[in-house]
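Please look over the sequence and the coordinates below before reading the notes that accompany them.

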Amino acid sequence: MIRLSCHGAAKQVTGSCHLIETGQARVLVDCGLFQGGHELAEENAQDFGFDPAGIDVLLLTHAHLDHCGRIPLLVKRGFRGRILCTAPTRELARLVLIDAAGLQEEDARRAERHARHRDEPPPQPLYTLADAFHSLDFFDGAAAYGEPIDVAAGVRATFCNAGHILGSASILLELRDGDSRRTVYFSGDIGNPGRPLLDDPQPPPVPPDYVVMETTYGDRDHRPWAASVDELIAAIAATHARGGNVIIPTFALERAQEVLYALSLGMDQGRLPRHLTAFLDSPMAISATEIFTRYPDALRQSFAQRLQSNDPFALPGLRMTRDAAESMAINAIRGGVVIMAGSGMATGGRVRHHLRHNLWNAAASVIFVGYAAEGTLARLIIDGARHVRLFDEDIQVRAQIHTINGFSAHAGQSELLAWLARCGKPRKVFLVHGDDDRGMRVFSEQLQQRGVPWQIPGMGEPILLR
């Protein structure tokens, strides 16, 4: 018996976590954090739907928080197996998990102060920095693209380049259980082909029997990369001309590096001042950028060569601010600078302070270049909120708001269909990591038209792979 169950990203975008069970092994693919509104904090703290101590191995597709963010909790609750991933993913996951643990502790301290005033028991963080560091002991970054690895009894895994972020992978599982033989291809998050930093997503080495596939943008295509870069440069140039600041809520992994690359293109074309002051105000993004330079073999060859000759991560006016005091000083600047800061969905981090000091200013611009989940501050602003609440203040939204979806690290509908076509003719495609009422539904209609069998699994629903 070979069984699949989804314990995250089932009829929702975040929290990827998928379990494969045979008579000999239990293999987990990803263990991500649910992200969005406050109700998801409770969902993160709930039982996983399986016994963490019974998992033999965890295969990690990539280092985004919604794919790795509950790993410290998994270990805290008894997991003692190996966490297998690529070497860049191991380094990036270390950054992400330590940062997440610090935020968990900070949020718990803030909530504790409020609880004391109400004479309530103090809340506990989902996990602590000590939990995060402990979980890192289980990481093994030995996975290399295209090289099969025996990971558990009767289970062989092959990591394939997903082209999503540095080190990201789709994972083919070859499963044996008695006389049963099945292959399952987990897409992870599928990148946009033709991007400057990373190679295109790769197909599996053999056509799989089943595909577990993300559908984040299953309902639409993205604007082309070149047009998106043009739009970004134009928005920055216009804001600079009217004397305002540009705030770019930035995901530390991939998005920050692509935005820096786009700024360098604008300067090369003479559309942006060569010495335009730009702040990368994110310790995690700064460290992630440094990690990029350590893995040239994981980058598109043309970009790796550019790093050696005309490094887009070393712009003349770029200032990397790790220190909190330096970050606070940026808010004294009333105009003429570009500020890139996390978090990308504006749910926390330094960008919230920059929004507080700039959202009210009609000369400023806020440029969103990534996905914004329901319930996040980013989504509220994108959807046209006239006022938002920041640090117990009501802030009027008067800045120019731009949404440029061509920077998304996810493939759009056409690219998803093309990626699936390269997987052969699977017996069934399981749709995950998407909005149930949008991306998944529209994408399933596309599959129906093409005669591809599909299913949208429910949370924890056991599915026999016959």
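## Overall architecture

The model is predicted, and in it the protein has 14 helices and 22 strands. Its radius of gyration is 22 Å, close to the 23 Å that the globule rule gives for 466 residues, so the protein is as compact as a globular protein of that length. The C-alpha trace spans about 70 × 60 × 40 Å along the principal axes, and 59% of the 466 residues count as buried. Among contacts between residues at least 6 apart in sequence, 75% join residues at least 24 apart.

The accessible surface of the protein comes to about 18500 Å², and carbon and sulfur atoms account for 48% of that area. As for charge, the protein carries 47 positive and 54 negative charges, whose mean positions are 2 Å apart.

In helix H5, which covers residues 129–136, the buried residues are Asp131, Ala132, Ser135 and Leu136. Viewed down the axis of H5, these buried residues fall within an arc of 140°, so they line one face of the helix.

Helix H14, residues 439–449, has as its buried residues Gly439, Met440, Val442, Phe443, Ser444, Gln446 and Leu447. The cover over the buried residues of H14 includes strand E11 (210–214), helix H13 (413–421), strand E20 (428–432) and strand E21 (454–455). Just after H14, Gly451 takes a positive phi of about 70°.

## The loop between E1 and E2

Both Ser16 and Ala9 belong to this loop: Ser16 is placed between strand E1 (3–6) and strand E2 (18–21), and Ala9 lies in the loop between E1 and E2 as well. Ser16 counts as buried because its relative accessibility is 2%, the cut-off for that class being under 20%. Leaving aside residues up to four places away in sequence, Ser16 touches Gly8, Ala9, Asp30, Cys31, Gly32, Asp66, His67 and His433.

Ala9 is likewise buried, with a relative accessible area of 0%, and Ala9 has a positive phi of about 60° although it is not a glycine.

## Backbone exceptions elsewhere

Most residues other than glycine have a negative phi, and most peptide bonds are trans. Against that background, Phe391 has a phi near 50°, a positive value in a residue other than glycine. Phe391 is placed in the loop between strand E17 (387–390) and strand E18 (393–396) and is partly exposed, with a relative accessible area of 35%.

The peptide bond from Gly342 to Ser343 is cis, its omega being near 5°. Ser343 is found in the loop between strand E15 (338–341) and helix H11 (351–358).

Pro208 is placed in the loop between strand E10 (180–186) and E11, the latter strand being part of the cover over the buried residues of H14. At 3% relative accessibility, Pro208 counts as buried. Not counting residues up to four places away in sequence, Pro208 touches Leu172, Thr183, Tyr185, Cys423 and Pro426. The C-alpha atoms of Pro208 and Glu174 are separated by 8.8 Å, the two residues being 34 residues apart along the chain.

Terms used:
Residues are numbered from 1 along each chain as its sequence is written. This is a predicted model: local features need pLDDT of at least 70, side-chain atom pairs count only at pLDDT 80 or more; totals for chains, interfaces and linings use all residues. Side-chain values use heavy atoms; hydrogens and water are left out. Buried means under 20% relative accessible area, exposed over 50%, partly exposed in between (1.4 Å probe, protein chains only). Helices (H or I, at least four residues) and strands (E, at least two) are DSSP runs, numbered from the N terminus. The arc is that of the directions from the helix axis to the C-beta atoms. The radius of gyration is taken over C-alpha atoms; the globule rule is 2.2 Å times the number of residues to the power 0.38. Contact means heavy atoms within 4.5 Å. Accessible areas come from the Shrake-Rupley method with a 1.4 Å probe; for residues, only the protein chains shown count as cover. Lys and Arg count as positive and Asp and Glu as negative; His and the chain ends are not counted. The place of a charge is taken as NZ of Lys, CZ of Arg, CG of Asp or CD of Glu.
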